[in-house]
Structure formats: C-alpha cells, structure tokens
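Me: I'd like to learn how to read the features of a fold, one at a time. Could you walk me through this one?

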Amino acid sequence: MENPDVEAVREREYPHMNNGTYLDHGGATIYTKSAVEAFTRKMVTNLYGNPHSENSPAKLSGNVVDEVREKTLHFLGADPEHYDLVFVANATAAIKLVADSFSDLAEKSRTRRFWYGYHYDAHTSLVGVRELARSYCFESDGDVEAWLDFPRVSLSVDRHHSEELGLFAYPAQSNMSGKRLPLGWSGRVRDAKHLQNTYTLLDAAAFAMTSPMELVFQDVAYAPDFTCLSLYKIFGFPDIGALVVRRDSGHILTLRKYFGGGTVTNVSAIGETWYRSKGLQGPTYKLHEGLEDGTLPFHSILALGEAIDVHGQLYKSMSRVSEHTSFLVSRLYRGLTELSHGNGRAVVKVYSEPGTAFDDPRTQGSVVAFNVLTEDGGYVPYTEVERRANDRGIYIRSGGESKFFRFAFFLFSPFFWDVGDCKGKKGWLTSPSGV
C-alpha cells in the first residue's frame with residue numbers, strides 16, 4: 001500500500017535513496033535534498049568567519065550560531081529560559097563532557113570519586129562512564145523503581161552514603177530493542193530526599209530520532225539535568241551533536257578542570273597558574289560559553305539551522321513522524337513474525353519485552369531487533385545476513401554483542417516489508433540456508 005504524500009516527498013527529497021534500500025537510520029538518517037541546497041545557497045552568497053574574531057564575517061557567524069542554538073532548543077521543546085544547549089561532536093562527546101566534569105568535581109570530595117548508576121539497556125558510551133566512578137548497574141526497570149522508592153535500597157547500591165555526589169544515567173530508548181524507558185525517572189530522582197546530590201543524564205540519541213522531545217523537556221521540574229543527542233540521527237546532515245543542560249544544574253559542569261580556547265576570559269601561562277572560566281561569570285557570559293572548547297563548527301551549525309527549517313516544512317511536527325514510524329515498525333514486526341520455513345519453523349526471532357506493542361510509541365521506538373534462524377532453529381551469523389542483504393542493496397545494521405541483529409526502520413524507507421515481498425521477489429529470507 002502506497003502513501004501518495006510519502007511517495008511525493010521521497011521522489012523529490014531523496015533521489016539519492018534510489019541506489020538501494022537504506023534501513024540504518026539508527027546509525028544516521030538520510031539528509032534531504034532541500035536542506036543541502038539551502039545550506040549551499042547560504043555558503044555561496046555569504047562570507048562566514050571564525051566567530052572568535054571581531055570582524056564582520058566573524059560577527060555574522062556568531063549571530064548564526066546564537067540563532068541556531070535557540071532554534072534548536074525550540075525544536076526540541078526546551079524553553080531557553082530554563083535550558084542551555086552546548087554544541088558537541090555527537091552524543092558520546094556530550095556524555096564524556098558530563099563524565100569528566102563529575103570526575104573533576106569528585107576529586108575535591110572526601111571519597112575522591114563519584115557514584116555512578118546506569119541502566120542495563122545503556123549504550124556503550126554510557127557504560128564507559130563507570131571507569132571514572134564507583135559504579136552500579138541496574139539490571140531491570142524494577143531495580144530502578146525500588147531504588148527510587150526506598151532509601152534502604154539506595155544505601156545498598158555500592159554507595160558510601162546517600163548524600164555523596166552521584167550520577168544516574170539511562171537511555172530514553174534502547175539502542176538494541178527500541179524499548180522506551182520511563183522519562184519520569186529524572187524527576188523522581190530530584191524529588192527523592194535520599195538522593196539529593198544525585199543528578200541525571202538521559203541519552204536521547206535514539207529516542208529523538210522519531211519522537212517529539214517536548215515529552216522530555218516540557219516540565220522543567222521533572223526534566224533530566226543533562227540530555228545528550230546526535231542531531232544527525234534526526235536530520236541526517238550536518239554531523240553534529242548537542243548537550244541540553246537544565247540551567248539549575250549547569251554549575252556542576254562549570255567546575256571542570258580543563259578549559260579550551262574561547263572558554264576563559266583570563267589565564268596565566270607561567271608562575272602561579274590560574275584562569276577565569278566564562279561558565280562561572282554569569283550573567284555576563286552564558287553557561288555554554290564556558291563549555292564549548294575551541295572554535296565551534298560554525299558551518300555545520302549553519303547547516304543545522306537550514307535542516308531544522310526544512311524538516312518543519314516537510315514533516316510539520318515530530319508527532320507526525322512518530323505516528324508514521326510506529327505504523328511502519330508495527331507492520332514490519334507482523335511481517336517478520338509471520339515468516340516461516342517449509343517445515344513450519346520461524347525464520348526470525350524478534351527480541352522485545354513481554355507484551356510489547358510495536359504500534360505504541362510510548363513504549364516502543366521504531367526498531368526491530370532479531371536473529372535470522374536456519375530451518376533447524378540455529379542462528380545464521382549476523383555477518384552472513386548483512387553480507388547477503390548488502391549484496392541485494394538492502395543496507396542494515398548488525399552487531400554481535402549478544403548474537404543479535406539490530407534493524408532500524410525509518411518513516412520514508414522505499415521498501416515496505418511484508419510477507420509477500422519476503423516470500424517472493426525479496427526471497428533472500430527463505431533460501432535453504434535460512435537467510
């Protein structure tokens with residue numbers, strides 16, 4: 001079944017998708033033709049300089065950066081009065097900025113380390129923070145709920161005492177299964193009397209790809225202290241990320257040790273070493289001015305502004321994107337689970353939480369994680385599945401951490417999975433090898 005609106009946008013905006021079927025939007029989505037053209041027009045009709053200078057081209061770049069920063073916050077549904085946005089390379093860079101800041105601050109404490117709790121569904125970049133801290137992995141949602149509700153549990157999760165500096169991190173959406181985790185945890189950490197010095201870090205990179213972010217930021221009292229994003233997962237271009245900081249929590253980051261060009265007003269190079277961070281000189285300077293080290297990728301930020309405008313023109317809202325992708329992933333799930341070998345055995349094994357509703361965006365993102373199975377029930381190596389798919393122009397994402405094969409599905413993919421296709425012209429799923 002074709003959707004005329006989708007077909008028209010695909011033909012006009014995605015001519016570069018005609019070379020195959022791209023289904024790795026969990027890695028990076030596809031950029032639109034209009035966004036690239038709008039960026040190109042700006043680049044060839046204006047002169048942009050390094051915003052750390054004072055000449056006219058530099059001031060033009062500085063104005064663009066300020067405008068796009070505010071535009072990005074509004075796109076995310078984050079009121080600039082309550083949130084600041086720090087431009088970074090990607091979500092991982094945002095996580096590292098937060099982790100390093102906590103590590104630096106903890107060195108001044110009695111224990112010299114901070115406590116770090118992370119959810120089992122965390123992306124590798126969140127797990128890596130544990131190397132800087134005394135850590136605890138919550139193995140289920142229930143473990144987190146118990147920790148939030150009962151002080152005695154808080155004291156048993158490898159903490160010296162409940163008031164020490166702590167950071168709790170979790171993904172809004174699992175990178176593996178697409179499961180969506182409770183957004184309300186951040187507010188509950190802030191409200192819990194036994195967790196008064198514990199801050200929250202939300203990895204929203206996967207979630208933001210197909211979901212409206214105002215769900216995260218609309219209530220500042222319950223929003224995460226720090227939220228990381230990879231903006232190319234939403235817009236495709238440019239390759240840039242962001243850290244959204246709740247202003248009331250930003251002071252934690254300003255106490256970091258490292259400083260780069262543009263983040264300080266004064267610094268001594270010899271003798272008694274000292275410096276003045278812009279992050280600690282509000283309201284003269286904004287929080288982000290003390291955290292964005294060196295020259296910003298100002299051309300990429302210019303491109304981001306154009307991408308946001310085009311996205312709004314084409315798709316109107318992230319709510320519409322969410323509705324469409326939920327429909328597609330539900331259809332994909334039904335098609336995959338109905339596939340069978342000649343002997344009646346299933347062709348794929350889908351990984352999801354019990355009772356998962358793939359058409360409910362509150363609990364499930366637009367991802368299906370599965371293994372391809374042989375006729376006797378064995379696993380087909382994910383490398384073989386990816387190779388065969390790639391040979392047929394179907395571009396997917398795979399991984400071997402748990403013998404799973406991850407599959408991200410996007411709203412405007414030119415290929416709609418259904419049982420007829422899989423058994424017919426797309427018969428690669430029903431070959432004798434099980435692939």
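Reply: Gladly, and let's start with handedness: a crossing is left-handed if the near helix is turned anticlockwise from the far one by less than a right angle, and right-handed if clockwise. Helices (H or I, at least four residues) and strands (E, at least two) are DSSP runs, numbered from the N terminus. This is a predicted model, in which local features need pLDDT of at least 70 and side-chain atom pairs count only at pLDDT 80 or more, while totals for chains, interfaces and linings use all residues. Residues are numbered from 1 along each chain as its sequence is written, and side-chain values use heavy atoms, with hydrogens and water left out.

Me: Which way does helix 3 cross helix 12?

Reply: Helix 3 passes helix 12 in a left-handed crossing. In general, two packed helices are described by the angle between their axes and the distance between the axes. Axes are lines fitted to C-alpha atoms, for helices over the stretch in contact, and angles run from 0 to 180 degrees between N-to-C directions. For helix 3 and helix 12 the angle is about 40 degrees, and the axes are 9 Å apart. That makes helix 3 oblique to helix 12; angles under 35 degrees count as roughly parallel, over 145 as roughly antiparallel, 65 to 115 as roughly perpendicular and the rest as oblique. The contact (heavy atoms within 4.5 Å) involves residues of helix 3 including Val-64, Val-68 and Phe-75, and residues of helix 12 including Ile-301, Leu-302 and Ile-308.

Me: What is the handedness of the crossing of helix 2 and helix 12?

Reply: That crossing is right-handed. The axes of helix 2 (residues 33-45) and helix 12 (residues 298-315) come within 9 Å and cross at roughly 135 degrees, which makes helix 2 oblique to helix 12. On helix 2 the contact residues include Ala-35, Phe-39 and Met-43, and on helix 12 they include Leu-302, Ala-303 and Val-310.

Me: Now the sheet. In what order do the 7 strands lie?

Reply: A pair of strands needs at least two bridges found by DSSP. Here the order is 2-8-7-6-5-3-4, in an open sheet with mixed pairing. Strand 2 (83-88) and strand 4 (134-138) stand at the edges with a single partner strand each, so one side of each has no neighbour in the sheet. On average, neighbouring strands of this sheet are turned by 20 degrees against each other, direction ignored.

Me: How many bridges join strand 2 to strand 8?

Reply: There are 6, and strand 2 runs antiparallel to strand 8 (residues 241-246). Within this pairing, Phe-87 stands opposite Ala-242 in strand 8. Helix 3 (residues 56-76) packs on the sheet, touching strand 2, strand 7 (226-230) and strand 8, and its direction makes about 115 degrees with that of strand 2. Helix 4 (residues 91-106) lies across strands that include strand 5 (166-171) and strand 6 (198-203), running at about 150 degrees to strand 7.

Me: Is Thr-227 buried or exposed?

Reply: First the scale: buried means under 20% relative accessible area, exposed over 50%, partly exposed in between (1.4 Å probe, protein chains only). Thr-227, found in strand 7, has a relative accessible area of 0% and is therefore buried. Leaving aside neighbours within four places in sequence, the contacts of Thr-227 include Leu-202, Met-213, Phe-217 and Leu-243.

Me: And where does Arg-188 lie?

Reply: Arg-188 lies in helix 8 (residues 185-191) and, at 28% relative accessibility, counts as partly exposed. Beyond neighbours within four places in sequence, Arg-188 is in contact with Glu-145, Leu-148, Asp-149 and Tyr-222.

Me: How many aromatic pairs does the count come to?

Reply: A pair of aromatic rings is described by the distance of the centres and the angle of the planes. Rings of Phe, Tyr and Trp (its six-membered ring) pair if their centres lie within 6.5 Å; planes under 30 degrees apart count as stacked, over 60 as edge-to-face and the rest as tilted. The count comes to 18 aromatic pairs. Phe-75 and Phe-235 form a tilted pair, 5.1 Å centre to centre with 55 degrees between the planes. That pair links helix 3 with helix 10 (residues 232-235), 160 residues apart. Phe-75 is partly exposed at 22%, whereas Phe-235 is buried at 6%.
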